[in-house]
Amino acid sequence: MSVKLHYIEASPAARSVMMVMKVLQFPVEYLELDLSTKDQFAQIFLQLNPAHTVPILDDDGFILWESHAIVKYLVDKFGKTDQLYPKALQERAKVDQMLFYNASDLFPLLRDAVIPIFNAKAPLQSSSVPEDQKRNIDSCLEELEQFLRTSDFLAVNRLTIADICALSILSTINYFKEFSSCNYPKLNKWLNRLRSDHFYRIELDGLRKFSDMFSTL
């Protein structure tokens, strides 16, 4: 039995899965796609995922291609404990709640800010982001600051997949729109806490690849 991950290192969604894999520590074959040759549109890839998105998990022929679904599956299958994704009903509901928020609120903010800049072959910097999108990002950051009022983590009072999935998006947003420590002290503390963890090297390497995508345009 072999587990394969099709990924692009610059992708926040792929990085979140890779960080969870790092925490779980099981053998994985990593298969990186090349955007420059449009690997994601190759017929063999479209057979795995007609939506041509990454990451894609191939667990001995079982295919899964949405990052939040993937990390939940991985913890249920390979986790030695349920710390990352609790089995207790109410704790699991809190983690799911944050994962859905991540997918429906956080990721669209990043996508809507970055894709027009990428398509225009413009530099990725705060001044390139329209003011209305900056306001939307600030509104979401304010919500996250409130989520962290009573806990050091986003879902329950310990690290879960909800934090890791949010990290990959928020650290990417922070790359071109730095979070003010005055306005968002709890969010900055949360971000620095996760930066000190051993899996953050994956995020850091991916951010460099993300940056390279714009510096080579």
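**View 1. Kink in helix 4 of the predicted model.** In this predicted model, helix 4 bends by about 40°, with the kink centred on N102. The helix covers residues 89-119, a run of 31 residues. At 1.5 Å a residue, helix 4 should span 45 Å, and the 43 Å between its end C-alpha atoms agrees with that. Beyond the helix comes K121, which has a positive phi, near 55°.

**View 2. Packing of helix 4 against helix 5.** Two packed helices are described by the angle between their axes and the distance between the axes. For helix 4 and helix 5 (residues 131-147), the angle is about 155° and the axes are 10 Å apart. The two helices are therefore roughly antiparallel to each other, since an angle over 145 degrees counts as such. Their crossing is left-handed. On the helix 4 side, the contact involves M98, Y101, D105, L106, L109, D112 and A113. Their counterparts in helix 5 are Q133, N136, I137, C140, E143, L144 and F147.

**View 3. Packing of helix 1 against helix 8.** Helix 1 (residues 12-24) and helix 8 (residues 200-215) cross at roughly 160°, and their axes come within 9 Å. That angle makes helix 1 roughly antiparallel to helix 8. The crossing of helix 1 and helix 8 is right-handed. Helix 1 contributes R15, M18, M19 and K22 to the contact, while helix 8 contributes I202, E203, G206, L207 and F210.

**View 4. Loop between helix 2 and strand 3.** This loop joins helix 2 (43-48) to strand 3 (56-59) and contains P55. The peptide bond from V54 to P55 is cis, with omega near 5°. H52 lies in this loop between helix 2 and strand 3 as well. Its phi is near 45°, a positive value in a residue other than glycine.

View 5. An unreviewed UniProt entry lists residues 88-213 as "domain: GST C-terminal". In the predicted model, the chain over residues 88-213 is 71% helix and 0% strand. The end C-alpha atoms of this stretch are 41 Å apart.

Notes
Residues numbered from 1 in each chain as written. Predicted model: local features only at pLDDT ≥ 70, side-chain atom pairs only at ≥ 80, totals over all residues. Heavy atoms only, no water. Helix = DSSP H or I, 4+ residues; strand = E, 2+ residues; numbered from the N terminus. Expected span 1.5 Å × (residues − 1). Bend = angle between axes of the 7 residues up to and from the residue. UniProt positions renumbered as here; feature names shortened; annotations may be inferred. Axes fitted to C-alpha atoms, helices over the stretch in contact; angles between N-to-C directions. Parallel < 35°, antiparallel > 145°, perpendicular 65-115°, else oblique. Left-handed = near helix turned anticlockwise from the far one by under 90°. Contact = heavy atoms within 4.5 Å.
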